[in-house]
Amino acid sequence: MPETARRIVLARRPHGAPVPDDFRLEEGPVPEPREGEALVRTVWLSLDPYMRGRMSDAPSYAPSVDVGAVMTGEGVGEVVASRSPALRPGDVVRGFGGWQSHFALPADKLTKVDPDLAPVSTALGVLGMPGMTAYAGLLAIGEPKTGETVVIGAATGAVGAVAGQIAKIKGCRAVGVAGGREKCDYAVRELGFDACIDRREPELGHRLKELCPQGVDVYVELTGGAITDAVLPLLNTFARIPVIGLVAHYNATALPEGQDRLPWLLRQTLTKRLKIQGMIVWDYAALEPDFRRDVAGWIREGRLRYREDVADGLENAPAALIGMLEGRNFGKQLVRVGPDPGR
């Protein structure tokens, strides 16, 4: 067992977009597991947009990361020592160990990962929290029906890619919005979207209207910003909007300039009887068995595909998070912290 562990802490709270100096890499002793705990060597670290919110001290649905504390995050790793009968060395588990090479958690806070089901990295992506978010957000809130049009922002990201493919499986027309021609081509060619448009197109609203001639029945809100502005006028009566993320606004330091559009949105909500509902994944824990059964089956059948964007080395996690918040990742953003025992 190594004598030192590495971790990345929040050095200061960002003002606007995070920069490398907002993080600090530290070294220290490998933690000793207490009774009922297991010591885990991190193999894969998940990076997700919600982390930007945890770097702020503004009130939210989850606690902020304290300055000087380890950055929060879920990882998959290998148990190297255990003081719980539930786990033994060599087991592969996932848990919220944070941005560090080794962590100790109670066994009941760790979930075993089956390396025979799929590559263990997928427990942080298509078979993990992002996949579950897409599944529950689309099906429980979006309630897609055969023949309807579903629009997905961030269509090639970890949540959007899964949501769009499930929409197709459910018999819907899936229209994506993504950052760049390469991502749009991938959404159509590899993921099976009916169409995808570059979010940078100057006539975004006009082009989206052309791609949605029957209007929009479900909008999977992952971005906010210009994409939402383009979608809102196209919503049909009784359209549903699961609000999962607003990445375009996470680095904002003030409200957007210009006319207050809230009265217009509320009028649209009233006259079209829109359903707009925020979505936090842990509110849908009861759906997890269905999610794992369905999504694992769709992957085996070749009906659902996934892509991972991997940064190597814990020290590169800050740059990878910064890039992800700017839309530079292509697929689920992961950091490979250590050797994968399954590869």
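**Exercise 1. Describe the largest cavity: its lining, its volume and the classes of its residues.**

Step 1. The largest cavity is lined by 17 residues, and Gly157, Ala158, Tyr306, Arg307 and Lys332 lie nearest its centre. The search runs on a 1 Å grid over the protein atoms alone: a cavity is a set of points where a 1.4 Å probe fits but cannot get out, a pocket is an open set with protein on both sides within 12 Å along at least five of seven lines, and lining residues have an atom within 4 Å of a point.

The model is a predicted one, in which local features need pLDDT of at least 70 and side-chain atom pairs count only at pLDDT 80 or more, while totals for chains, interfaces and linings use all residues. Residues are numbered from 1 along each chain as its sequence is written, and side-chain values use heavy atoms, with hydrogens and water left out.

Step 2. The volume of the largest cavity is about 130 Å³, where a volume is the space filled by probe spheres set on the points, and grid points are joined across faces, edges and corners. Over the whole structure, the search finds one cavity of 30 Å³ or more.

Step 3. Helix H3 gives the largest share of this lining, three residues. Helices (H or I, at least four residues) and strands (E, at least two) are DSSP runs, numbered from the N terminus.

Step 4. By class, seven lining residues are nonpolar, six polar and four charged. Here Ala, Val, Leu, Ile, Met, Phe, Trp, Tyr, Cys and Pro count as nonpolar, Asp, Glu, Lys and Arg as charged, and the others, Gly among them, as polar.

**Exercise 2. Characterise the second largest pocket in the same terms.**

Step 1. The second largest pocket holds about 690 Å³ of space. Its lining has 21 residues, of which Thr228, Asp229, His249, Arg261 and Leu265 are the closest to its centre.

Step 2. Helix H6 (225-231), strand E12 (235-243) and helix H7 (262-271) each supply at least two lining residues. The classes are ten nonpolar, six polar and five charged residues.

**Exercise 3. Which residues does Tyr219 contact, and is Tyr219 buried or exposed?**

Step 1. Tyr219 belongs to strand E11. Tyr219 is buried because its relative accessibility is 0%; buried means under 20% relative accessible area, exposed over 50%, and partly exposed in between (1.4 Å probe, protein chains only).

Step 2. Beyond its neighbours within four places in sequence, Tyr219 is in contact with Val151, Gly153, Ile227, Thr228, Val231, Leu235, Arg240, Ile241 and Pro242. Contact means heavy atoms within 4.5 Å.

Step 3. With Thr228, the side chain of Tyr219 also makes a polar contact of 3.1 Å. Such a contact is a pair of N or O atoms within 3.5 Å; within protein, one must be able to donate a hydrogen and the other to accept it, and residues adjacent in sequence count only if both atoms are side-chain atoms.

**Exercise 4. Identify the largest nonpolar core and the elements that supply it.**

Step 1. The largest nonpolar core has 41 residues, and Val150, Val220 and Val295 have the most contacts inside it. A nonpolar core is a set of buried Ala, Val, Leu, Ile, Met, Phe, Trp, Tyr and Cys residues joined through side-chain atoms within 4.5 Å.

Step 2. Elements that each supply at least two residues of this core include helix H2, strand E8 (149-152), helix H3 (160-169) and helix H8 (288-300).

Step 3. Among the residues that Val150 touches are Leu138, Ala167, Val218 and Val220. Apart from this core lies another of 21 residues, among them Tyr50, Val65, Val335 and Val337.

**Exercise 5. Why is helix H9 described as largely enclosed?**

Step 1. Eight of the nine residues of H9 (residues 317-325) are buried, so the rest of the structure largely encloses this helix. The buried residues include Ala317, Leu321 and Met324.

Step 2. The cover over them includes strand E1 (4-10), helix H1 (50-54) and strand E15 (332-336). Gly327 follows H9 and has a positive phi, near 85°.

**Exercise 6. Where do Phe238 and Arg273 lie, and what is the phi of each?**

Step 1. Phe238 is in strand E12, with a positive phi near 70° in a residue other than glycine. At 49% relative accessibility, Phe238 is partly exposed.

Step 2. Arg273 occupies the loop between H7 and strand E13 (275-278); its phi is positive too, near 55°. Arg273 is partly exposed, at 44% relative accessible area.
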